[in-house]
Amino acid sequence: ERTQLLVHLVDMSQGAEGDPMQRFREINEELRCFSQALAEKEQIVVAAKMDLPGAEEHLRKFKELMDGEGLEVCVYPISSVTGLGLKELIYAIMNRLKMHGKMSVKAP
């Protein structure tokens, strides 16, 4: 509840239960049920497991649904296995925290 920013990981792999948008909605609903203030926090959405088969298609559909619902959220595709997108994600988080005045450390 004391955080300035939420980093929301969404599993894009085919083996994950349910579709990515359904999981995104479920987590946000749980946040709302727990605390409306927490649910209103800024979010960075991370599309995880992008190295796995089917992830690109899930990401494309996920972005289409987000656009269709008018959600203006930047989605950062990553793979912790290959390192894809990790640097961009780290910089995005740092920049958002700087905007909130909560980060004074310089990027590596």
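User: What makes S79 count as buried in this model?
Analyst: This is a predicted model, and in it S79 has 0% relative accessibility. Buried means under 20%, so S79 counts as buried. You'll find S79 in the loop between strand 3 (75–77) and helix 4 (86–99).

User: Which residues does S79 touch, and what does its side chain reach?
Analyst: Leaving out neighbours within four places in sequence, S79 is in contact with M50, D51, L84 and L86. A polar atom of the S79 side chain also lies 3.3 Å from the backbone nitrogen of V81 and 3.1 Å from the backbone nitrogen of T82. The cut-off for a polar contact is 3.5 Å.

User: M50 is in that list. What else does M50 touch?
Analyst: Not counting residues up to four places away in sequence, M50 touches M12, A55, E56, L59, P77, I78, S79 and L84. M50 is also part of the largest nonpolar core, 12 residues in all, together with V10, M12, M21, F24, V45, A47, A55, L59, F62, M66 and V75. Helix 1 (20–34), strand 2 (42–48) and helix 3 (55–68) each give at least two residues to this core, and helix 3 has the largest share, 4 residues. Another core, of 8 residues, lies apart from it, with L5, Y76, I78 and L89 among its members.

User: How do you know whether Q43 is buried or exposed?
Analyst: Q43 has 16% relative accessibility. The limit for buried is under 20%, so Q43 counts as buried. Q43 sits in strand 2, and its side chain makes a polar contact with the side chain of N28 at 2.5 Å. Apart from neighbours within four places in sequence, its contacts include L5, H8, F24, L31 and R96.

User: Why is K41 called partly exposed?
Analyst: The relative accessible area of K41 is 21%. Buried would need a value under 20% and exposed one over 50%, so K41 is partly exposed. K41 is in the loop between helix 2 (36–39) and strand 2.

User: And what does K41 contact?
Analyst: Setting aside neighbours within four places in sequence, K41 is in contact with E1, T3, Q4 and L6. Its side chain reaches the backbone oxygen of T3 at 2.7 Å. K41 and L6 are 35 residues apart along the chain, with 6.7 Å between their C-alpha atoms.

User: What about K49: what is its phi, and why is it called partly exposed?
Analyst: Phi of K49 is near 65°, a positive value in a residue other than glycine. K49 lies in the loop between strand 2 and helix 3.

Technical notes: Residues numbered from 1 in each chain as written. Predicted model: local features only at pLDDT ≥ 70, side-chain atom pairs only at ≥ 80, totals over all residues. Heavy atoms only, no water. Core = buried A, V, L, I, M, F, W, Y, C linked by side-chain atoms within 4.5 Å. Buried < 20%, exposed > 50% of the residue type's maximum accessible area, 1.4 Å probe, protein only. Contact = heavy atoms within 4.5 Å. Polar contact = N/O pair within 3.5 Å; in protein donor to acceptor, adjacent residues only side chain to side chain.
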